[in-house]
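Open the model in your viewer and keep the selection tool at hand. The stops below follow one another, each with something to select and something to look for.

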Amino acid sequence: MANLKDILYKVKLISISGATDIAIDAIQFDSRIVGAGDVFVAIKGTQVDGHEFISKAVSQGAVAIICEDIPTEINPEVTYVQTDNSAKALGIMADNYFGHPSGKLKLVAVTGTNGKTTTVSLLHQLFMNLGYHTGMISTVQNQINYAVIPATHTTPDALQLNSLLKKMVDSGCNIVFMEASSHAIEQERMVGLKLAGAVFTNISHEHLDYHKTFDNYIKAKKKLFDDLPSDAFALVNVDDKRGMVMLQNCKASKYTYSLKMMATYKAKVLSNSLQGLELNIEQKDVWFRQIGYFNAYNLLASYATAHLLEEESEEILMNLSQIELKNGRFEQVPNNAGITAVVDYAHTPDALENVLQTINNIRTGNEQVLTVVGCGGNRDTAKRPLMAEIACRFSDRVILTSDNPRFEEPEAIIADMQKGVPVSQVRKVTNLPDRKEAIKLACSFAQKGDIILVAGKGHETYQEIKGERSHFDDKKVVNEMLNLIHNK
């Protein structure tokens with residue numbers, strides 16, 4: 001139970017009709033779950049406008065309405081509060097309602113097209129190893145120390161986020177690492193949070209179905225840094241040409257990291273194999289269990305973040321080198337067939353190219369690289385031909401298949417991908433919409449020593465088709481098919 005006047009603290013108010021010194025049971029922005037004594041926040045979303053459900057919320061017992069447009073018909077027993085931005089108001093109200101949890105710990109946000117999940121996972125495990133009570137908010141899962149809380153979005157809504165942070169505070173967490181998606185930043189889900197720091201990994205072609213233009217996508221990422229307080233840190237990858245853009249107009253202390261350019265934090269790749277990476281960081285040669293140049297960036301970002309959080313260099317490197325992640329990012333599937341099978345979440349052109357370049361850097365040259373890849377339905381269609389072109393450029397055989405087709409037909413998605421297949425490489429490509437059959441075909445083509453990449457789903461354990469989610473785990477299917485075909 002809270003007081004409406006208290007939870008409106010710092011919300012930009014335009015007008016008020018009714019009393020604010022009233023008890024509030026809960027804050028809701030989904031009219032379907034509004035109950036007696038709740039305050040309903042009407043948000044103008046991309047698909048639905050919450051203002052259309054104000055009367056429904058009132059009929060279900062809402063005692064207060066927060067909105068941008070006051071309805072023409074008002075209930076005299078209900079308080080109506082007008083604000084310029086309901087989404088922002090929700091974030092500030094959630095922070096007030098849950099007792100300002102982000103201010104009671106160190107909260108670090110990681111944003112970028114690729115590398116967010118791995119960097120956040122590395123940092124969570126690193127700080128657990130360093131003895132901290134640590135929280136994690138990520139695409140794969142949320143964690144309070146070692147306790148797992150399932151994740152539904154890359155970044156939860158403002159209510160879920162503040163509720164989760166309060167649980168972390170109540171559990172004794174002193175530091176939390178979270179992924180910050182461009183959707184969440186633009187939709188003001190992080191308003192009201194106090195950040196100790198923010199990290200930018202990179203930016204490439206993604207989410208243009210939502211942001212419409214690449215420039216809008218960049219601006220969404222940049223907003224995270226524009227809003228940082230002066231006592232926070234901003235850490236960016238300057239090997240990405242938009243890295244320095246993130247620091248423009250940023251009030252926080254500015255730091256950079258790089259494998260190629262002058263930077264605050266610098267690393268050099270000494271060796272890269274299927275066994276791991278050897279990096280030189282801070283004049284120290286250190287071996288890590290992660291694979292690929294893209295992971296060199298993730299490791300360096302994690303090291304730099306920990307150092308900015310005032311941890312000792314040697315302690316960071318020693319503990320970071322011991323971490324082994326199994327999160328569907330360049331995750332190898334054990335088998336007895338002598339085939340290197342890799343499952344990776346790569347679902348953007350840049351991520352797919354990074355993974356395939358890593359495989360090609362590691363291969364000796366005699367083995368085949370077989371890639372199974374698809375694209376999600378009802379999402380950015382412009383990347384589909386790019387994904388197919390990249391798969392063809394770096395692979396000996398390519399199987400185009402489905403990957404969460406949602407409400408689109410898999411064949412239509414594959415047809416879009418097919419447009420990127422060079423005429424000279426048509427023969428190496430097979431279209432097979434059934435993902436299990438596509439993986440089976442790749443496993444049947446593969447011989448001892450070959451490398452199979454199954455891209456797109458990584459940690460996900462489902463296929464989303466026509467609004468239904470059915471169980472599907474790439475790792476299990478790859479393992480099952482390799483054993484079925486090669487252990488006869």
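Two strands count as paired if DSSP finds at least two bridges between them. Helices (H or I, at least four residues) and strands (E, at least two) are DSSP runs, numbered from the N terminus. This is a predicted model, in which local features need pLDDT of at least 70 and side-chain atom pairs count only at pLDDT 80 or more, while totals for chains, interfaces and linings use all residues. Residues are numbered from 1 along each chain as its sequence is written, and side-chain values use heavy atoms, with hydrogens and water left out.

**Stop 1: β13 and its partners**

Select β8 (residues 106–111), which pairs with β13 in the parallel sense over four bridges. A109 stands opposite A198 in β13.

Next, show the side chains of β13 (residues 197–200). G197 and V199 point one way, A198 and F200 the other, and all are buried; buried means under 20% relative accessible area, exposed over 50%, and partly exposed in between (1.4 Å probe, protein chains only). In a regular strand the side chains alternate between the two faces of the sheet.

**Stop 2: an open sheet**

Select the five strands ordered β2-β7-β6-β5-β4, which form an open sheet with mixed pairing. β2 (13–17) and β4 (27–28) are at the edges with a single partner strand each, so one side of each has no neighbour in the sheet. Inside this order, β6 (residues 64–67) and β7 (residues 79–83) are parallel and share four bridges. C67 has Q82 in β7 as its bridge partner.

**Stop 3: a hairpin**

Move to β17 (residues 276–281) and β18 (residues 284–288), antiparallel strands joined by five bridges. I281 stands opposite K284 in β18. The two strands form a hairpin with two residues between them, and E282 in the turn has a positive phi of about 55°.

**Stop 4: D403**

Is D403 buried or exposed? D403 is buried, at 5% relative accessibility. Look for D403 in the loop between β22 (397–402) and α14 (410–418). Contact means heavy atoms within 4.5 Å. Leaving aside neighbours within four places in sequence, D403 has contacts that include G374, C375, G376, G377, R435 and K457.

**Stop 5: helix α16**

Select α16 (residues 474–486). The helix has 13 residues and reaches 18 Å from its first C-alpha to its last, close to the 18 Å expected at 1.5 Å a residue; the expected span is 1.5 Å times one less than the number of residues. Which residues of α16 are buried? They are D474, V477, V478, M481 and L482. Seen down the axis of α16, the buried residues fall within an arc of 125°, so they line one face of the helix; the arc is that of the directions from the helix axis to the C-beta atoms. They pack against β20 (340–344), α15 (435–445) and β24 (451–455).

**Stop 6: cysteines**

The structure holds zero disulfides, a disulfide being a pair of cysteine sulfur atoms within 2.5 Å. For C443, the nearest cysteine sulfur is that of C392, 19 Å away. C443 is buried at 0% relative accessibility, and C173 is buried with a relative accessible area of 5%.
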